[in-house]
Amino acid sequence: MNIELLPMTRERMHELYRGFVMDPAIFMDMELFEKVKNYRYDAEKVDALFDRKSKREGSVSFAVTLDGRVIGEVGFKHIDAEKRECELSIHMQNDSVKNKGYGTEAERLALLYAFGEMGMERVTAETILKNTRSQHVLEKLGFVFRTEKDGFRAYCLERKDWAEKNGLPESGEGS
């Protein structure tokens, strides 16, 4: 498995969305899913999405690639440099790249980046209640369930716990 994280570019975002299929597991509101389930690639909408994301402060996004082909997106939002914490998010392109370990590896690489390059002390993540696949991946990576509220499960991973499990320095200062 050759999973790599590359900075998200306009071209990579187009590659991601040309093969994108909506996943009902990420929708709480199934009426909304019914409205968007027949997603069709639209270059103008992808350009607009890329422009919005590029301007968003406190976030960073990576293309998840498999042997050079874009298969997903992983990133961090709500980055708080002062508190040294952020929130992890991921979505994979379609069912052909799910349940194969690619998302788990992408999240592992993203966590290495967050705790190493970004110097974060805490990474959080949320999933909707029915997205048990995502919950399983988070728990496998060491995230600890914190709360359940308004249809979401919140998780947290502390740097010290990640460092202990993965042989990293305990402090993110100067990493």
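## Aromatic pairs

By the ring-pairing rule used here, with centres lying within 6.5 Å, the count comes to four aromatic pairs. One of them joins Tyr-17 and Phe-20: the ring centres are 5.1 Å apart and the planes make an angle of 45°, which puts the pair in the tilted class. Tyr-17 and Phe-20 are both buried. Keep in mind that this is a predicted model.

Phe-62 and Tyr-113 form another pair, and this one is edge-to-face because the planes meet at 75°, with the ring centres 5.0 Å apart. It ties together distant parts of the chain: Phe-62 belongs to strand β2 (residues 60–66) and Tyr-113 to helix α4 (residues 102–115), 51 residues apart.

## The overall layout

Stepping back, the protein has six helices and seven strands. Read from the N terminus, the order is β-α-α-α-β-β-β-α-β-α-β-β-α. Of the 175 residues, 39% are buried.

## Helix α1 and its cover

Helix α1 spans residues 10–18, and its buried residues are Met-13, His-14, Leu-16 and Tyr-17. Looking down the axis of α1, you find these buried residues within an arc of 160°, so they line one face of the helix. On the face turned away from that buried side sit the exposed residues Glu-11 and Arg-18.

What lies over the buried residues of α1? The cover includes helix α3 (43–55) along with strands β3 (69–80) and β4 (85–92). Tyr-17 is also the residue that pairs with Phe-20 in the tilted arrangement.

What does the Glu-73 side chain make polar contacts with? One partner is the side chain of Lys-53, at 2.8 Å; another is the side chain of Ser-61, at 2.4 Å.

The surroundings of Glu-73 go well beyond those two. Setting aside neighbours within four places in sequence, Glu-73 is in contact with Met-8, Met-13, Leu-16, Tyr-17, Lys-53, Ser-61, Phe-62, Val-64, Ser-89, Ile-90 and His-91. That list includes Met-13, Leu-16 and Tyr-17, which are among the buried residues of α1. It also includes Phe-62, the partner of Tyr-113 in the edge-to-face pair.

## Glu-87 on strand β4

Glu-87 lies in strand β4 and is buried too, with a relative accessible area of 14%. Not counting residues up to four places away in sequence, Glu-87 touches Gly-75, Phe-76, Lys-77, His-78, Thr-124, Ala-125 and Glu-126.

Glu-126 turns up again with Thr-147: the two are 21 residues apart in sequence, and their C-alpha atoms are 9.6 Å apart in space.

Thr-147 is found in strand β6 (residues 144–149). With neighbours within four places in sequence left aside, Thr-147 is in contact with Phe-152, Arg-153 and Ala-154.

The charged end of Arg-153 sits over the ring of Phe-145, 3.9 Å from the ring centre.

## Helix α6

The last stop is helix α6 (residues 159–166), where Arg-159, Trp-162 and Ala-163 are buried. Seen down the axis of α6, its buried residues fall within an arc of 100°, so they too line one face of their helix. Exposed residues Glu-164 and Lys-165 are carried on the face turned away from the buried side.

Which elements cover the buried residues of α6? They include α4 and β7 (152–158). Helix α4 is also where Tyr-113 sits.

Notes: Residues numbered from 1 in each chain as written. Predicted model: local features only at pLDDT ≥ 70, side-chain atom pairs only at ≥ 80, totals over all residues. Heavy atoms only, no water. Helix = DSSP H or I, 4+ residues; strand = E, 2+ residues; numbered from the N terminus. Buried < 20%, exposed > 50% of the residue type's maximum accessible area, 1.4 Å probe, protein only. Arc of directions from axis to C-beta. Contact = heavy atoms within 4.5 Å. Polar contact = N/O pair within 3.5 Å; in protein donor to acceptor, adjacent residues only side chain to side chain. Phe/Tyr/Trp six-rings, centres within 6.5 Å; stacked < 30°, edge-to-face > 60°. Lys NZ or Arg CZ within 6 Å of the ring centre and 35° of its normal.
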